[in-house]
Amino acid sequence: VVLSAGWRLSALLGALTSFTAGHAITLSLCVLGGVTVSDRIVEPAIAATLVGVAAFDIWTRRRARVLPSYVRFFMVFSCALVHGLGLADALRDVTQWPADSTHFFLALAGFNVGIESAQIAVALLAGLTVLVLSRINGLAVWQRVVRHSSLVGLVAGTFWFIERIAHGA
């Protein structure tokens, strides 16, 4: 959903870094500070963030609004705080070291660097794919990809939200 905003590369990297910063804060609070939130709340909330951002993107495009990048960065950062709650459980499940150990801090830092690297790699691959398609079929491809990816995010997020609510996460 973050990729569907159709940003230039520097703004996209800023959004991805905002996402990493947001979930790193929540992840650290959960793992180091003992903050816990039930999966029954976290899983539907993560899906709701996808729906919200995708709906916001569709709304702003239909109103032909161009918002400053910092508005979108703040939205991405806020949603990432929720996503960090889900990542905390995953990290707790795979970590074998006590939360106050040097090994654990290194694992936490490595986890965040890995997430950021993966996000950038996916963004670059998606961008390259769309760029190649645009060169072959014209710039209209870019606009269609942006519009359709928001719709896909909206539908997938809604499905995930309903599924998570129905099954109690």
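**Close-up 1. Glu-163 and its salt bridge to Arg-164.** Glu-163 comes out as partly exposed, at 27% relative accessibility (buried is under 20% relative accessible area, exposed over 50%, and partly exposed in between, using a 1.4 Å probe and protein chains only). Its side chain meets that of Arg-164 in a salt bridge, 3.5 Å from N to O. The term salt bridge here means a side-chain nitrogen of Lys or Arg within 4 Å of a carboxyl oxygen of Asp or Glu. This is a predicted model, where local features need pLDDT of at least 70 and side-chain atom pairs count only at pLDDT 80 or more, while totals for chains, interfaces and linings use all residues. Side-chain values rest on heavy atoms, with hydrogens and water left out, and residue numbers run from 1 along each chain as its sequence is written.

**Close-up 2. Arg-164 meets Glu-43.** These two side chains form a salt bridge at 3.8 Å, N to O. Arg-164 sits in helix H5 (residues 140-166) and Glu-43 in helix H2 (residues 39-62), so the pair ties together parts 121 residues apart in sequence. Helices are DSSP runs (H or I, at least four residues), numbered from the N terminus. Arg-164 is partly exposed at 23% relative accessible area, but Glu-43 counts as buried at 17%. Glu-43, Glu-163 and Arg-164 are linked in a salt-bridge network.

**Close-up 3. Arg-72 and Asp-57.** Here the side chains meet in a salt bridge of 2.2 Å, N to O. The pair links distant parts of the chain, with Arg-72 in helix H3 (residues 69-94) and Asp-57 in helix H2, 15 residues apart. Arg-72 is buried at 7% relative accessibility, and Asp-57 is buried at 4%. Searching the whole structure turns up three salt bridges.

Notes
Helices (H or I, at least four residues) and strands (E, at least two) are DSSP runs, numbered from the N terminus.
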